[in-house]
Amino acid sequence: MTGGRDKNADRNAVRSPLGQRLLTSLKKQEMTRPGDRVGVAVSGGADSVALLLLLLELRGKLGIVPSVVHFNHKLRGKASDADEAFVAKLAAKHGLEFHSASVDVAKKAKMERANLEDAARRARYDYFRSLAESGACGRIVVAHTADDQAETVLAHLLRGTGLAGLGGIHPVAGPVVRPLLNVRRSELRRYLRARKQTWREDATNRDMKRMRARIRKKLLSLLEKQFQPAIVEHLSTLAELAREDEADLQGQAELRVLALAKETKGGLRIPARDIAGPRSIPRNLLKENSEDYGIATSSAGVRKRMVRHMIANIKPRAGQLGANHVEMVLELARGGQNGSSLSLPGGVEVRRERDELLFLAVDRTEKTSSHAAPREYEYKIDLARGETEVSVTELGCVFRLRVIDWPLKRGETSRYGAVLDRDRLRLPMVLRNWRPGDRLRPQGHRSTHKLKRLLNEKRVSQWERDGWPVLTSGGVLAWARGFPVAAEFAANERTRAGIVVAEDKQI
């Protein structure tokens, strides 16, 4: 094969069944656009070499600017370097720009305590994304075939999977496109032989210790010969249908999350009933209330995807969410007690707060609330100068206490809220966290209540009440955040000097 571009390439591509199928695939899914800088991922193997030659034939029709991309995993010593040299020579032969990178994947996997194949895939696709982000290649075309798709679906089935796993390899994933998913590996080899083009063989593809190699050489071969000659095509069709259904269910889930979930500090809040599932209410009664009907008839598949979607949106780090984790969240929504919580992979905690679920991102170094020590603090208050400022680092806020004339500045109550009668207060005055057994009679109440009960009535969750601030006078509660001041300490018409309590966020 001579270097440079074949003058009859475009005409031959239209007449070639394989070239026409590739052209149709690229245009149907809008994988490339005229003017695109397209990097062709070439490992040196038959599939990727064939993809490069086919795209060179079609570049006039597509209007693309191709280049060659190679990633050296350093897994096979000199053989890996020879692959890189082969691909570089192929790029030079066709006058194409050559992008390459190398990573010692074995060392990387060992450091990360990761599966070798998974580490290799992540390193390779990280490089592809970097090329796209830098503008070197707008798209990266990868040579996965129908055989690769069938092997992937079978691998997922053997490990255990759902609808998303049955979808196998996606034709488009970010900047990466895979236009050969409807082409058999054998077709590409026939194409290369007809072109008298050589390729490199990766010995690890024949290593029977690898699950993928066993599926390829033993399982698929057995299925084709003894059960169904078209098994590869059928599995590819199954993957396509699964992706369509998955996209529909995922779209429904995302729309429901958008409509029902509310953003909160560090996460999302959603009514538990919207995750729990159908209620025991007759369908004819539910139809009278369209909102309830929509909640009750939401499929389990949509609700599970809602859980996954919310977790994916807030998790601060990598973590594999399994089907068992999703089911635990559903159980929490269906019958979890108020105050229950779950810790999930990726640094996410799900809490049950009365009739809501709270999905929170938990910092890597932060202990989960179920094991964290309660926030305890105690600060003595000195108002000798008429005002004081207390920075409570445990809460990340500042409390300001100031003496004001009364009733001359009575209007300041609407601005600052809590006002105590200075002359009723007794030393020591202490700002501290609430404790079990604390009691308060807020102004307007006839009797004293446990603060825990008041917090429950105010619907303050156990996490929010951790470190809840109170002010004591001579050991008696005079004020608690969120409540009127204690009746026995409240300013009234006989008050001459008041004490204003104000709270601000710490800067």
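Two strands are counted as paired if DSSP finds at least two bridges between them. Helices (H or I, at least four residues) and strands (E, at least two) are DSSP runs, numbered from the N terminus.

The structure is a predicted model, in which local features need pLDDT of at least 70 and side-chain atom pairs count only at pLDDT 80 or more, whereas totals for chains, interfaces and linings use all residues. Residues are numbered from 1 along each chain as its sequence is written, and side-chain values use heavy atoms, with hydrogens and water left out.

**The six-stranded sheet**

An open sheet of mixed pairing is built from six strands in the order β3-β2-β1-β4-β6-β5. Its edges are β3 (98–102) and β5 (172–173), each of which pairs on one side only. The partner of β5 is strand β6 (residues 176–177), joined to β5 by two bridges in the antiparallel sense. Here valine 172 stands opposite valine 177 of β6.

| Strand pair | Bridges | Facing residues |
|---|---|---|
| β7 (residues 262–264) and β8 | three | lysine 262 and arginine 269 |
| β8 and β11 (residues 356–361) | five | leucine 268 and phenylalanine 359 |
| β9 (residues 341–344) and β10 | four | leucine 342 and valine 350 |
| β10 and β11 | six | valine 348 and alanine 361 |

In the hairpin of β10 and β11, with two residues between the strands, the positive phi belongs to arginine 354, at about 55 degrees.

In strand β10 (residues 348–353), six of six residues are buried. In a regular strand the side chains alternate between the two faces of the sheet. For β10 both faces are covered, with Val348, Val350 and Arg352 buried on one side and Glu349, Arg351 and Glu353 buried on the other.

**Helical residues and a charged patch**

Glutamate 244 is located in helix α11 (residues 231–260). Its relative accessible area is 48%, so glutamate 244 is classed as partly exposed. Together with Glu240, Asp245 and Asp248, Glu244 forms a negative surface patch. Such a patch is made of residues with over 30% relative accessible area and no salt bridge, like charges being joined within 9 Å. A salt bridge is a side-chain nitrogen of Lys or Arg within 4 Å of a carboxyl oxygen of Asp or Glu. Asp and Glu count as negative, and the place of a charge is taken as CG of Asp or CD of Glu. Accessible areas come from the Shrake-Rupley method with a 1.4 Å probe.

Alanine 300 belongs to helix α15 (residues 300–314). Alanine 300 counts as partly exposed because its relative accessibility is 36%. Although 25 residues apart along the chain, alanine 300 and isoleucine 275 have C-alpha atoms separated by 8.8 Å.

Key. Patches are made of residues with over 30% relative accessible area and no salt bridge: like charges are joined within 9 Å, nonpolar side chains (Val, Leu, Ile, Met, Phe, Trp, Tyr) within 5 Å. Buried means under 20% relative accessible area, exposed over 50%, partly exposed in between (1.4 Å probe, protein chains only).
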